[in-house]
Amino acid sequence: MLNLYNTSVSSRMLLGTARYPSPSVLDEAVRLSACEIVTVSLRRETAGGKTGGAFFERIRAMGVHILPNTAGCHSVSEAVLTANMARSVFGTDWIKLEVIGNHDTLQPEVFALVEAARILSGEGFKVFPYTTDDLVVGERLLEAGCGVLMPWCAPIGSAMGPQNLNALRSMRAHFPDTPLIVDAGIGRPSHAMAVMELGYDAVLLNTAVAGAADPALMALAFATGIEAGRMGFEAGLLEPRDMAVPSTPVIGQAVFT
Amino acid sequence: MNIIVNGEALETKGKTLLDLMAELGFEGEWLATAVNNQIVHKPERSRQALRNGDRIEILSPMEGG
């Protein structure tokens with residue numbers, strides 16, 4: 001079981017709800033993957049519109065935990081206000097805190113992120129910070145009150161997969177007791193499995209699933225890969241060696257001359 | 001009175017945020033509101049007086065990553 005702010009979940013996959021070809025495909029992706037946490041956002045509603053209400057009803061009907069985000073925020077004040085508005089609508093203290101610092105890479109603005117995390121933690125939020133793989137920033141986020149860290153492994157939506165496995169490995173070693181979730185940049189089930197084999201606690205995905213030709217099947221593929229990676233980590237992986245080691249016993253081998 | 005709602009300039013006869021929302025057809029439990037970058041919770045909307053030049057955000061649940 002994965003424990004996030006005293007909430008236990010069986011699935012180690014967190015799924016975004018954006019960019020699916022249709023709402024029913026999203027439903028099917030959530031159902032097939034058995035994910036228990038989905039991310040959502042807040043956006044301007046057209047006057048008289050009911051789109052947001054219908055979307056919220058659909059998410060509630062899934063019976064999953066809702067993790068609202070502050071996507072698109074570029075400053076501390078924007079992120080703090082958005083988080084408070086999200087709490088008033090979704091009725092949860094959970095917030096996926098995003099403060100973006102660069103338009104091209106969507107890289108987190110880590111200085112503003114730490115400050116916003118400090119303010120929101122003080123207001124009772126359970127902050128899930130979207131951060132880089134920087135150890136010092138991770139430490140500052142924990143000092144600010146975060147109980148989870150969510151490093152990127154590549155730019156959001158890029159599908160590049162882990163760009164710096166050594167940094168992710170260092171982060172795992174440096175924060176052995178903090179839930180670590182890779183958020184952003186995953187493109188394939190093998191990417192997700194690779195970070196799970198490093199001992200990461202979970203993976204957050206959106207575009208890699210929603211953008212697939214068959215999103216529901218891809219959601220299942222990711223869920224399977226994530227579970228396999230976790231089992232591999234728990235089972236204890238062999239370290240690579242330079243030379244071959246025979247797997248069949250050498251003793252007792254017949255000698256034909 | 002001239003105000004800005006979700007980035008668009010509007011003229012309203014409403015005296016409060018709740019009046020404005022009724023005038024524009026915004027109704028539903030799922031809406032979040034802010035006036036001049038300050039959150040206004042649902043019970044406070046009827047007491048939130050509008051002033052000329054106010055910037056109002058009315059937000060709704062949406063898909064997100």
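Biologist: How many residues of chain A are in contact with chain B?

Modeller: In this predicted model, 30 residues of chain A are in contact with 24 residues of chain B.

Biologist: What area is buried between chain A and chain B?

Modeller: About 2200 Å², with carbon and sulfur atoms giving 63% of that area. A:Arg44, A:Glu45 and A:Met85 supply 27% of what chain A buries against chain B, more than any other three residues.

Biologist: Why is the pair A:Arg44 and B:Glu57 called a salt bridge?

Modeller: The rule asks for a side-chain nitrogen of Lys or Arg within 4 Å of a carboxyl oxygen of Asp or Glu. The closest N and O atoms of A:Arg44 and B:Glu57 are 2.7 Å apart, so the pair meets the cut-off of 4 Å.

Biologist: How many salt bridges are there between chain A and chain B, and how many over all chains?

Modeller: The count between chain A and chain B is 1; over all chains the count comes to 12. The pair that crosses between chains runs from strand β4 of chain A to strand β5 (residues 55-63) of chain B.

Biologist: Which elements supply the side of chain A that touches chain B?

Modeller: β4 (37-44), α2 (51-62) and α3 of chain A each supply at least two residues. By class, that side has 10 nonpolar, 13 polar and 7 charged residues. Between the two chains, 14 residue pairs are in polar contact.

Biologist: What makes the crossing of α3(A) and α4(A), right-handed or left-handed?

Modeller: The crossing is right-handed, which means that the near helix is turned clockwise from the far one. The helices, residues 76-90 and 110-122 of chain A, pack at an angle of about 40°, with axes 9 Å apart.

Biologist: Which residues make that contact?

Modeller: Among them are A:Val76, A:Ala83 and A:Asn84 of α3(A), and A:Glu115, A:Ile119 and A:Leu120 of α4(A). The classes are 8 nonpolar, 1 polar and 1 charged.

Definitions and conventions. Residues are numbered from 1 along each chain as its sequence is written. Chains are lettered from A and ligands numbered from 1 in the order in which they are written. This is a predicted model: local features need pLDDT of at least 70, side-chain atom pairs count only at pLDDT 80 or more; totals for chains, interfaces and linings use all residues. Side-chain values use heavy atoms; hydrogens and water are left out. Axes are lines fitted to C-alpha atoms, for helices over the stretch in contact, and angles run from 0 to 180 degrees between N-to-C directions. Helices (H or I, at least four residues) and strands (E, at least two) are DSSP runs, numbered from the N terminus. Contact means heavy atoms within 4.5 Å. Ala, Val, Leu, Ile, Met, Phe, Trp, Tyr, Cys and Pro count as nonpolar, Asp, Glu, Lys and Arg as charged, and the others, Gly among them, as polar. Buried area is the accessible area (1.4 Å probe) that two parts lose on being put together, summed over both. A polar contact is a pair of N or O atoms within 3.5 Å; within protein, one must be able to donate a hydrogen and the other to accept it, and residues adjacent in sequence count only if both atoms are side-chain atoms.
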